Amino acid sequence: MIVGRREAWTGRLLLVLLMAITVMPFVSLFVTALHPSGSYPPGLEWPRDPHWGNFAEAFRAAHMGELLKSSTLIVLGVVPVSLLLGTLAGFAIGHLRMAGRNLAFLTFVLGLTLPFEGIITPLYYQVRDMGLLNTRWAIILPLIGLFMPFAVFWMRAHFVNMPEELSESARIDGANVWQLFWRVHVPLAMPALSSLGILLFLWTWNQFLLAIVLVDDPMKRTMSGALGAFQGQWGTDIPLLSAGSLLILAPTLVIFMIFQRRFVTALLQGSLKG
Amino acid sequence: MKKRSPAPAAGLRTPSWVGWLFVAPALAVYAVFVLRPIVLTFQYSLYRWDGIGPSTWAGLDNYVKVFTDPDLFDSILNAVKLIVFFSAIPVLLGLAIASTIRRIATSRLALVARTVLFLPQVIPLVAAGIAWSWLLSSNGLVNQVFSHLGLGGVTRAWLGDFSTALPAVGVIGAWVLLGLCTILLLAGLSKIDPAVYEAARMDGAGPLREFFSITVPSLRQEIGVCVTVTVIAALASFDIVFIATQGGPGNSTMVPGLEIYYLAFSERQVGMASALAVVLMVLVLACALPVQWLTKDRSS
Amino acid sequence: MSRRVRNRWNGAVLMVVVGALAAGCGAPGGDAPQTEAGGTPVSTTPTCGTAPVTLKAYIETGFPLPKELSTEFTKQHPNVKWSIREDQFAVITQNAPRVLADDPPDLMRLPQVSELVKDGLLKNLDGYAKAFGWDSWPASQLQQMRLGPGGKTRGEGSLYAMGLNFSMTGVFYNKKLAAKIGMSSPPTTLAELDAALAKAKDAGIAPIAQFNGGATGGLAFPLQDLMASYGPAAPINDWIFQKPGATIDTPSNLKATQHLDQWIKAGYFWKDVNAVDYATMMSRFIGGQGLFMFNGDWESGNLDKQMPGDVGFFLMPPAEKGGKLAAMSAPLTYGIGSRAKNADCAAFFLNWVATDPQARDIAVKVGGSHPMGPADAHMPDVAEGTVTASTLQAGADVSKDNGAMDFIANATGAIYAKSWTPQLQKLVAGQQTPDGLLTSVQSDYKSQVGGS
């Protein structure tokens, strides 16, 4: 069909164009990063003498090793606990269906659209009074709280669709509630859990506001917060800033490339449900 | 969806307190780090407080100021204007693109595109801000392109010009959200039975009618999701503006999130910051709820 | 499940939530840090001792001076290590109150200090001044860092900060470009400066290199220079020091602002000046893209290195021939947090910076500005014909005319970010009039000084 073929080609062209626009900022960062440190390279221009050393320089200047460690520690503090708490609550609300579950659910859903800026001010004073300011806990604990609405919402959606018969037969085998949860339901929830884990990882890693407000030392921040500090300090040196930015976003890109299927599915489901 | 038995088996045999025991830890963290701060924001908003010394009761003065002080109110208006870029462009353009590439949705190219278009969702917004600040600067790529096209006259520092700074910030947001919307809508399209389109073609429907009478109605839920996500992103924008313009030039790109940050932590008008925060939270809810309500009913 | 039980559970969850929220009683805040009345009396001269100490410092990025000084200090006092955090000045301004309140550094680059003193966040240095003999230095060096009780009026009272050196602003010019328009010596009146600007414009040379982008309204430099050109320095200082009844909205300041507006309209600034940050300005000026640059002597050392022999410096010429010279001149202020752990060692460092010969050499050669300290202290040799030499000479000229002013951006903590910067950006864009600019800055000033 001629019409169909023309449509397909327009589609391909459009898609390629869209991809080019998406990738353009990365290309620009990359090319700029190769110019001599301290210069103001014009637009997109391949340097005569690419300064690959800028990446090493930025790695050193940004303390990438420490940054990676810090972000990893924060992710390890946030994600497993959020998964556990979210699953417990989602299981109770979605499957055990205790009395008052609707109110509990509503309470959590209330927080789904909450902009973080809305509570950042009291959060600062609260974290300060707890003596946690400028520690990684200042990011970890509030983030667990802030992720609860989505985590509970997500896991509830999973448990609501689990068949009753499953629990029924487990009960007949003499399992108590905890065993029912831990032995039967958690293993079955793995796909939902891993998608949620990916989303929480991404949101933690890229969290900016909490990091810049609650932690002054960039070495104790998330990657995103550290990038903010890096810009504050090296924003005057464009090639170095570009190299540093690329380095700082490299870890997520690498992980994204490895798990891209899961990522895309998780993000799609995530936004559909959220 | 599976029909549920009226008396849930597991629920029947498990006392409610056990269920609440499961919920308790999540509720506790949530209450301490989210609900309590929400209540405190309300409380702070009724006081004049510099964050260090003692505070004095201010009643609704802070709210009056939010709506009468041009600087503060402009920040809200700017956020509303950003919706055009963060929301309207990605959703409309996404719809157009998704329906154009519907036929090749399963091709290899489309699969590669799915990954590539997701990149902006994966990287920190801060990085997007840095990259785009550079693209939009006086000697950045955008101006280079315009000059090559013989449009040297329009070149400028896009983020430093009163008339273009806010749209330029909007373009960054549109870039971040376009890929997500396109793919969400494409995923929705793939659920529509191709036979429906075939039938429409048989009836002599053109691409336009096809678009309005099949594509848009079937994608109601996906469109709703896109609109909700992007509107919230616009109203609560912070990272991009913080990096790209810090609210300038003048106050032309000031948004509520950034204004709250400045008020609370550098100007130390904690009460005013909190009043603006309350207004922002209410605004987000007021935008998100109707969209959800309008688009969700079909599925339940 | 019966209705009654369900209600009980709903009630229970409400109880839990409300209980967790039961914070909403009583007004927020209240326990302000103790303000010291007269500074800690210091009996013996403080030192850094011999035990290992780590000084926590929060400094401004982009200027090598503090780091060079800290390195040299550690060389002489090996028990002192440094933990240094760097940010751009605008970021420091934003962070200062909460950093000092909640995580006080030993040594910190300070923005405007009035409000920090009012909140008791800065250490009163009177005790150290007595112990180290800072009181016997030329009084003008420390004047700007003295504050009356409660941080009300600046310029007199207790000492709350110290300078690493004493910097001064004026006009740098590119000698090669100046030769192209036939300018062989610096202008001596405002009219001569205007003529040079017009000639440069006609010759296709960008007349002025300046920054005005983001959160930093750099047009405040030429504006204040013009203010000093048109009127006396004292009323401007009164305004900056928050003397009661002071105003910035005076006839001579209006003339100055109108003059700046003419420069803008004549196209003497870069077209994208509202997007140019400080570093971009420096890089462009060094690259020869601007004849004049309104800036401070902290760049002298840098310019001597980057374009040796090609840069000149002059003080802003007065409107009338033979009029008094004036310049913004301020110490590079560092302070000690009121709850700093190693206050004694930090004070010892500040004293060392002003008195140690090697430190004074660094202050001039790296910092480009006059060191603090006694009038008869060691002065490093500076080669003739360098910018550094001419800026040091200009400093002497200004003090002869009693023309030292603090920076108008330092009047209150928020005046720069909230008023000068956006207003100057609007002036550039043609969205504000000179008259409207001064009126709105004055009204912001009033609400900031009176209100908070």
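Here is a chat about a predicted model, its chains and some of their contacts.

Visitor: Hi! Is this structure predicted or experimental, and what is chain A made of in terms of helices and strands?
Guide: Hello! This is a predicted model. Chain A has 13 helices and zero strands.

Visitor: What order do the elements of chain A come in?
Guide: Starting from the N terminus, the elements run α-α-α-α-α-α-α-α-α-α-α-α-α.

Visitor: And what does the C-alpha trace of chain A span?
Guide: Along its principal axes, the trace spans about 75 × 70 × 30 Å. The accessible surface of chain A is about 10,600 Å², and carbon and sulfur atoms account for 67% of that.

Visitor: What share of chain A's residues count as buried?
Guide: Chain A has 274 residues, and 61% of them count as buried.

Visitor: Can you show me one helix? How many residues of H5 in chain A are buried?
Guide: Helix H5 of chain A covers residues 120-129, and eight of its 10 residues are buried. Among the buried ones are A:Ile120, A:Leu123, A:Tyr124 and A:Val127. Have a look just after H5(A) too: A:Gly131 has a positive phi of about 75° there.

Visitor: How about contacts within chain A, what share of them join residues at least 24 apart?
Guide: If you take contacts between residues at least 6 apart in sequence, 74% join residues at least 24 apart.

Visitor: Switching topic: how many residues of chains A and B are in contact with each other?
Guide: In chain B there are 94 residues in contact with 101 residues of chain A. The two chains bury about 8,800 Å² between them, with carbon and sulfur atoms giving 75% of that area.

Visitor: Which residues of chain B lose the most area to chain A?
Guide: Those are B:Phe22, B:Phe33 and B:Trp134, which together make up 10% of what the chain B side buries.

Visitor: What does B:Phe22 touch?
Guide: Setting aside residues up to four places away in sequence, B:Phe22 touches several residues of chain A, including A:Leu88, A:Phe91, A:Trp178 and A:Phe181. B:Phe22 also belongs to the largest nonpolar core, where it is one of the residues with the most contacts.

Visitor: How many residues does that largest core have?
Guide: It has 204 residues, and A:Phe108, A:Val213 and B:Tyr261 are also among those with the most contacts inside it. Apart from it lies another core of 76 residues, and C:Met227 and C:Leu437 are among its members.

Visitor: Which nonpolar residues form a patch on the surface of chain B?
Guide: B:Val145, B:Leu149, B:Leu151 and B:Val154 form one, with about 320 Å² of accessible area together. B:Val154 sits in the loop between helix H7 (141-148) and helix H8 (165-189) of chain B. Its relative accessible area is 31%, so B:Val154 is partly exposed.

Visitor: Which residue does B:Lys191 pair with?
Guide: B:Lys191 forms a salt bridge with B:Glu222, at 3.3 Å from N to O. B:Lys191 is in the loop between H8 and helix H9 (194-202) of chain B, while B:Glu222 is in helix H11 (residues 220-235), so the pair ties together parts that are 31 residues apart in sequence.

Visitor: Are those two buried or exposed?
Guide: B:Lys191 is exposed at 61% relative accessible area, whereas B:Glu222 is buried at 4%.

Visitor: And in chain C, what does C:Glu192 pair with?
Guide: C:Glu192 meets C:Lys321 in a salt bridge, 3.8 Å from N to O. C:Glu192 lies in helix H8 (residues 190-202) of chain C and C:Lys321 in the loop between strand E9 (311-314) and strand E10 (327-335), so this pair ties together parts 129 residues apart in sequence. C:Glu192 is partly exposed, at 34%, and C:Lys321 is exposed, at 64%.

Visitor: Last one: which residues are joined into a network by salt bridges that share partners?
Guide: A:Arg128, A:Asp129 and C:Asp102 are joined into one network that way.

Terms used
Residues numbered from 1 in each chain as written. Chains lettered and ligands numbered in written order. Predicted model: local features only at pLDDT ≥ 70, side-chain atom pairs only at ≥ 80, totals over all residues. Heavy atoms only, no water. Patch = residues over 30% accessible without salt bridge, like charges linked within 9 Å, V, L, I, M, F, W, Y side chains within 5 Å. Areas by Shrake-Rupley, 256 points an atom, 1.4 Å probe, with all protein chains shown as cover. Salt bridge = Lys/Arg side-chain N within 4 Å of Asp/Glu carboxyl O. Helix = DSSP H or I, 4+ residues; strand = E, 2+ residues; numbered from the N terminus. Buried < 20%, exposed > 50% of the residue type's maximum accessible area, 1.4 Å probe, protein only. Core = buried A, V, L, I, M, F, W, Y, C linked by side-chain atoms within 4.5 Å. Contact = heavy atoms within 4.5 Å. Buried area = accessible area lost by both parts, 1.4 Å probe.
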